[in-house]
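Hello,

Here is the structure I promised to pass on to you. Please have a look at it first, and then read my notes below.

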There are 2 protein chains.
Amino acid sequence: MEQRHRRGPARVTITHVAERAGVDRALVSRVVNEDPRLRIRDETRRRIVDAVAELGYTPSRTARNLRLSRTGSVGLVVPELTNPVWAALTEAMEGAADSLGLTVLVASESSRPGRTDHFVRLLDEQFLDGLLLAAPVDATEAARISDRNVVFVNQVHEPPARSVVFDDGLAIRMAVDALVELGHIDIAHIGGPRERDATRRRAQAFSEAVERLGLPLHPIVIGPLSIDGGVHSVDQVLDEHSRVTAVVVANVRSAVGVLRRCAQRGVTVPDELSVVCVHDNEVAQVVSPPLTAVAMPVHSLGERALQALVGLDSARQPVIVRDGIAVTERGSSGPPRAGPPRAGPHRGG
Amino acid sequence: MEQRHRRGPARVTITHVAERAGVDRALVSRVVNEDPRLRIRDETRRRIVDAVAELGYTPSRTARNLRLSRTGSVGLVVPELTNPVWAALTEAMEGAADSLGLTVLVASESSRPGRTDHFVRLLDEQFLDGLLLAAPVDATEAARISDRNVVFVNQVHEPPARSVVFDDGLAIRMAVDALVELGHIDIAHIGGPRERDATRRRAQAFSEAVERLGLPLHPIVIGPLSIDGGVHSVDQVLDEHSRVTAVVVANVRSAVGVLRRCAQRGVTVPDELSVVCVHDNEVAQVVSPPLTAVAMPVHSLGERALQALVGLDSARQPVIVRDGIAVTERGSSGPPRAGPPRAGPHRGG
DNA sequence: GGTCCGCGTTCAATCGATTGAACGATCGAC
DNA sequence: GTCGATCGTTCAATCGATTGAACGCGGACC
């Protein structure tokens, strides 16, 4: 029969070990897997163990997977790995998976479009035991796959979908509170796309927080979650809302754009504009001024998501991760400068 | 027999499809896989295609893997995903793997120690068809596993190991040349651990470049590849080598430390000290001043590594990736300031 | 009318491991 | 001496798909 390019000597299988030890394959399997209800003579066990060692036997995971109809691996799809938030989430997932004896397959949507579909297919092919979807999935698609063993991460979808999300509302409230504490009253929000669940929830929470505190609600500026997005959004804030003395930015990248544009326009941070962003990471720490940031417990999110995936508790309502959300004050926030508002719209680019 | 918690309705197998279509499993398999030498009546094909659609049949990849003794997935072990260099490499590998019809399993050493060993085990268990090792592997370990289907990335080991590396020498020469072009003569190198193959090659290349150009060789300062490492290394440079007007730093993180420390000590960059680093990424762009950086073709590295892994050409000598290495000048480098050298050692800190 | 050919399909071995059930031997009890 | 229990081991079905070889049938040819 076919014998495709197999590298090196033929593979050592359980049958070889059994022959060498002069026993049945069944015994080898039970010894190797340390079956607790196996009664075996010491001498026989020794023969098997020796044979395993001498032949360098390693069980085939594929055969095992087929027999057990599970593979012990789960998929994770993130928007992009080069975004530190998702890189950190991935590492967290990996650690959590490892403690559960699982292996993670990662895909980033940005590296190639359609990774989500591909991984759903791997799930259907039973190559994955479960799937963690951190990349945004539209409602139609979500509905289509929500009967599978899937957990949505950082996004909420209709039951029976399972979701694990940050308490974005809390993060935003903490950001607003920190600014109010410093004396700010006119606070704006620079958010992300409305189609994106997490940023939509943040924008929503911002409106609520401002309303609750009786502060003026300045229109929420929406832009892409990128440096350029931040640049344009802050332009809009500075040009159209001259009373604003502080902004809560939905993510680090946009915040970097905000800082960059302020520097270009000669708007000093934090004297003329305080900046607080959601998510904390290395980038937030190395820009200047360093960003005051609301740290999100990425590690917990990963753990909870995995628990939801493997958990027998099919709690079909969103898990909200809250512990560990905290503000780190750095140079980008401070008391509002006393005195006249900033100059009007900026000309040129 | 055992029937572990299987979710939803029993799985649809090729047998169900065969029964439904009233044919043998073999035919189903050949139709689904579009076997080119299959001769089949149109009507039969239609019955099979219909049955597949009606039952929602998806072949089990595990069964297929067992039969074909290959899984179509390869492992990748990186030092840490939260380092943008490795995140980018991972995305590149993913893209390259995808075009080859392969799937990548990623592990980061930092998320949990011993990931390399774990993945070597998965390779032995035939769960992985091959393994890309970007995390540093010591010589003993490398020798032990080099007969497997493994490619070392960004590190060179003895044959029969296969390796794919950047042309670190070229990168360093370009950095030095760029500084010389600006008028620098006294250039120092801030490198990484000697045990680490890539940083050792960079240090080596630095000595050679300086010698070739007839420039004074200032001792090479070695430190950890971290922000703190950069902080301490630049202290050493500033304190002990007062004539130095420029440094070539082996990676971005250390370079960030260099900038930070310079700011603290009041050493202006680039007037008093020019800084060039190896690797370019978002962090290099957002710090201030933005870092002049030697971009490394991470994408090519990924592609070449995958080619080496699956390639039939068992070229057992290192593949050196050179195309795309280029300097991007930014604010951290400039002509040396005319005038007296900097003040002496700094106190406190 | 017998032989041969080729088309369309089925047969059956195989990949490697797992596991409930069956089996034979030994031993103790009555 | 028979029966039953226990111990240690083997039997054999099973997971789901792949694939070379074999098979049956209808038509063509001499």
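Before the notes, one term: two strands are said to pair if DSSP finds at least two bridges between them. Helices (H or I, at least four residues) and strands (E, at least two) are DSSP runs, numbered from the N terminus.

Please keep in mind that this is a predicted model, where local features need pLDDT of at least 70 and side-chain atom pairs count only at pLDDT 80 or more, while totals for chains, interfaces and linings use all residues. Residues are numbered from 1 along each chain as its sequence is written, and chains are lettered from A and ligands numbered from 1 in the order in which they are written.

Let me start with strand 5 of chain A. It runs parallel to strand 11 (residues 319-321) of chain A, and 3 bridges join the two. Across that pairing, Val164(A) is opposite Val319(A). Strand 5 of chain A also pairs with strand 4 (residues 150-153) of chain A, again in the parallel sense and over 3 bridges, and there Phe152(A) faces Ser163(A). Strand 5 (residues 162-166) of chain A is largely enclosed by the rest of the structure, because 5 of its 5 residues are buried (buried means 20 or more other C-beta atoms within 10 Å of the residue's own, exposed means 12 or fewer, and partly exposed lies in between, with C-beta atoms placed from the backbone). Arg162(A), Val164(A) and Phe166(A) are buried on one side of this strand, and Ser163(A) and Val165(A) on the other.

Next, the sheets. In chain A, an open sheet of 6 strands has the order 7-6-8-9-10-12, with mixed pairing. Its edge strands are strand 7 (221-222) and strand 12 (326-328) of chain A, each of which pairs on one side only. Strand 6 (residues 187-191) of chain A runs parallel to strand 7 of chain A, joined by 2 bridges, and Gly191(A) has Ile222(A) as its bridge partner. Helix 9 (residues 197-212) of chain A packs on this sheet and touches strand 6, strand 8 (246-249) and strand 9 (274-278) of chain A. The direction of helix 9 makes about 170 degrees with that of strand 6 of chain A. Contact here means that the C-beta atoms of two residues, placed from the backbone, lie within 7 Å. The axes are lines fitted to C-alpha atoms, for helices over the stretch in contact, and angles run from 0 to 180 degrees between N-to-C directions. Helix 10 (residues 227-240) of chain A lies across strand 6, strand 7 and strand 8 of chain A, at about 150 degrees to strand 6.

Chain B has an open sheet of 6 strands in the order 7-6-8-9-10-12, also with mixed pairing. Strand 7 (221-222) and strand 12 (326-328) of chain B each have a single partner strand, so one side of each is left without a neighbour in the sheet. Strand 6 (residues 187-191) and strand 8 (residues 246-249) of chain B run parallel and are joined by 4 bridges, with Ile190(B) partnered by Val249(B).

What are the residues with the most contacts inside the largest nonpolar core? They are Val247(A) and Val247(B), in a core of 189 residues (a nonpolar core is a set of buried Ala, Val, Leu, Ile, Met, Phe, Trp, Tyr and Cys residues joined through C-beta atoms within 7 Å). Leaving out residues up to four places away in sequence, Val247(B) touches several residues, including Ile187(B), Ile190(B), Val237(B) and Val275(B).

The contact between the chains takes 42 residues from chain B and 42 residues from chain A. On the side of chain B that touches chain A, helix 5 of chain B gives the largest share, 8 residues.

Finally, a few backbone details. The peptide bond from Val269(A) to Pro270(A) is cis, with omega near 10 degrees, and Pro270(A) sits in the loop between helix 11 (252-265) and strand 9 of chain A. In chain B, the bond from Val269(B) to Pro270(B) is cis too, with omega near 5 degrees. His279(A), although not a glycine, has a positive phi of about 90 degrees, and His279(A) is buried, with 24 other C-beta atoms within 10 Å. Glu34(B) has a positive phi of about 50 degrees and counts as exposed, with 7 C-beta neighbours inside 10 Å.

Best wishes
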